[in-house]
Amino acid sequence: MGTVLQWLWSFLTDRSQQVAYDGHLSAVHHLLFGSVLGPLLYVLYTAELGHVVARRGMQLHQYADDSQVHSSVTVSSTTVAIQTFTACISDINVWMSVSRLRLNPAKTQVMWLGSSQLVGQIGIIDVPVLSTQVCAVESARDLGVVIDSQLSLSAHVTALCRSAYYYLRQLRPAVRSVTVD
């Protein structure tokens, strides 16, 4: 019985599957007993989204149900980049509507990345996203890490210290009710 369980455990751990769609590979990792079908179907369902973004000359990164569109531009071409980004978001919205998905502009964030001198030269604060204006942010949370516009991790360290201090303060009342033994 122990040998069968060991074999089953070794078979189900550290597995991954790849989906090939139009020459692009996407990996879906299967860890332990988790279902790979949900993420696999999502990758297949949204595989065409990369082509929609690429038509506008931008790049796409997807993490679970989160999609990130980005491009690298010079300070002098930020106005053109905003126009391209707005058109790309519009194309994504059309594709998502046809695919029975919904883009939520309220959860959309825009951030300029670069040195403080370069980011300071960008005068564009509000970016049109569909029918709303999105204000460019100084920092954003991405997969649990707070990223700031200079990529210095100072915002992440501040958030981490704030969270640790909060939990330390929550332990104080609990210590009073615990016996010495």
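Helices (H or I, at least four residues) and strands (E, at least two) are runs assigned by DSSP and numbered from the N terminus. The model is predicted, so local features need pLDDT of at least 70 and side-chain atom pairs count only at pLDDT 80 or more, while totals for chains, interfaces and linings use all residues. Residues are numbered from 1 along each chain as its sequence is written, and side-chain values use heavy atoms, with hydrogens and water left out.

**View A. The loop that holds L153.** L153 sits in the loop between β8 (145-148) and α6 (154-176). L153 counts as partly exposed because its relative accessibility is 45% (buried means under 20% relative accessible area, exposed over 50%, partly exposed in between, with a 1.4 Å probe and protein chains only).

**View B. The loop that holds L130.** The loop between β5 (126-129) and β6 (132-135) contains L130. With a relative accessible area of 36%, L130 is partly exposed. L130 and N104 are 26 residues apart along the chain, and their C-alpha atoms are separated by 9.7 Å.

**View C. The lining of the largest pocket.** A pocket is an open set of points on a 1 Å grid over the protein atoms alone, where a 1.4 Å probe fits, with protein on both sides within 12 Å along at least five of seven lines; lining residues have an atom within 4 Å of a point. The largest pocket is lined by 45 residues, and S67, Q68, V69, F85 and Q109 lie nearest its centre. Elements that give two or more residues to this lining include β3 (59-63), β4 (66-70) and α5 (116-121). α4 gives the most, with seven residues.
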